[in-house]
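Q: I have a model open and want to go through it quickly. Can you take my questions as they come?

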Amino acid sequence: MKLLITGNCGYVGSVLTKKALEEGHKVIGYDSLIHGEHILNNFEQNPNLRIIKGDIREKEKLSPLIKQSDIVIHLAAIARVDNPLHLEKEMEEVNRDASIEIAKLCKLYNKKMIFASTCSVYGLINEQEQADEKSSHAPTTIYARTKSEAEKGIIESKADAVICRFATAYGPSPRMRYDLFINEITRDAFMRKKIELFDPNVWRCYIHTEDMAKAILFLIKREDIKKGIFNIGSTEQNTNKQQIVELIKKQVGDFQTKVLRDKRDPRNYKILFGKIESEGFKAEKSISDGIKEMLSLLSQSSEDPYNERFTNYK
């Protein structure tokens, strides 16, 4: 099958691209290479891989690529949760407007689309409640709002689109990021024996990068699932920050924890994943697995994990 993957050189996209090639798919990767062209070194020469540098706002460039593909996996986005007001217009153009245009092109060419959204669309939820796919949206960041608005536009386009509301990612990737919560505090605990924590008791759900890729490949194979919204993650990985700290201590040993009391987390939610699990998908990797893999990566790598290459916040 020929796949068009936008953002294929990113944190999740690079994991997905490798797994898709391993499964025998042909991949057209479309990426802005905003984090540097050195990322291309992550991919070995493969006759089934073609990478095109481009901006997803370039409709004329994307249109023929969508036409010649079997399925479009749309991952490309500006992923930040710090509410950067100077980037708000660009995030609206990239995360929302371009995503809706891609859906319209998929509708035009009768192509199935898999869209990467986020569980952050649910925002702040009462601790006694759990969100399913029918729960209302209450986004608290520009990123979550633009994803929520993109979902609405994609549904209105009438395209065959599967919307994946992913849990918060963690774990190794060819395009590694250390600005995601589990990755960041694992790095700091290992490298500095000290972490900074705010709102230690807020809840979120998590998913390993490999399970994100597997979920997408699962949905590619399921030709009977043409449309729909799925929370993608693991019920067992609904947890709070303090519990993750304890998991890291089991592998790293003790370290200092500084609680930042003047900073607040804009997300607090527990998510239900029964819908995707009832279709036959189940996340396989645990948070402890991811911590172990990242500790191995940190101990073997000669690169500085604090280099700005490993963050989206530049």
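Q: What volume does the second largest pocket have?
A: The second largest pocket has about 330 Å³. This is a predicted model, where local features need pLDDT of at least 70, side-chain atom pairs count only at pLDDT 80 or more, and totals for chains, interfaces and linings use all residues. Residues are numbered from 1 along each chain as its sequence is written, and side-chain values use heavy atoms, with hydrogens and water left out.

Q: How is a pocket defined here?
A: The grid is 1 Å over the protein atoms alone; a pocket is an open set of points with protein on both sides within 12 Å along at least five of seven lines, a cavity is a set where a 1.4 Å probe fits but cannot get out, and lining residues have an atom within 4 Å of a point. Points are joined across faces, edges and corners, and a volume is the space filled by probe spheres set on the points.

Q: Which residues are closest to the centre of that second largest pocket?
A: P174, M176, S301, E303 and F310, out of 19 lining residues.

Q: How does the lining of the second largest pocket divide by residue type?
A: Into 10 nonpolar, five polar and four charged. Nonpolar here is Ala, Val, Leu, Ile, Met, Phe, Trp, Tyr, Cys and Pro; charged is Asp, Glu, Lys and Arg; the others, Gly among them, are polar.

Q: How many aromatic pairs are there in the whole structure?
A: Two. Rings of Phe, Tyr and Trp (its six-membered ring) pair if their centres lie within 6.5 Å; planes under 30 degrees apart are stacked, over 60 edge-to-face, the rest tilted.

Q: What is the geometry of Y178 and F310?
A: Their ring centres are 5.7 Å apart and the planes sit at 75°, so this pair is edge-to-face. Y178 is in the loop between β7 and α5, F310 in the segment after α9, and 132 residues separate them. Helices (H or I, at least four residues) and strands (E, at least two) are DSSP runs, numbered from the N terminus.

Q: Are Y178 and F310 buried or exposed?
A: Both are buried. Buried is under 20% relative accessible area, exposed over 50%, partly exposed in between, with a 1.4 Å probe and protein chains only.

Q: And why does the pair F218 and F281 count as tilted?
A: Because the centres are 6.0 Å apart with planes at 50°. F218 belongs to helix α6 (residues 209-221) and F281 to the loop between α8 (274-278) and α9, so the pair ties together parts 63 residues apart in sequence. F218 and F281 are both buried.

Q: Switching to helix α5. How many of its residues are buried?
A: Eight of the 11 in α5 (residues 181-191), so it is mostly covered. Among them are F181, I182, I185 and A189, along with R187 and D188.

Q: What covers those buried residues of α5?
A: The cover includes β7 (168-170), β8 (194-197), β9 (203-208), α7 (241-252) and α9 (287-300). Contact means heavy atoms within 4.5 Å.

Q: Where are N83 and N110?
A: N83 is in the loop between β4 (71-74) and α3 (88-109), and N110 in the loop between α3 and β5 (112-118). N83 is partly exposed at 33% relative accessible area; N110 is exposed at 62%.

Q: How many disulfides does the search find?
A: Zero, with a disulfide being a pair of cysteine sulfur atoms within 2.5 Å. For C9, the nearest cysteine sulfur is that of C106, 20 Å away. For C164, the nearest is that of C119, 10 Å away. C9 is buried at 1% relative accessible area, and C164 is buried at 0%.

Q: Last one. What lines the largest cavity?
A: I125, N126, E127, E129, W203, N268, Y269 and K270. The volume of the largest cavity is about 40 Å³, and its lining divides into three nonpolar, two polar and three charged residues.
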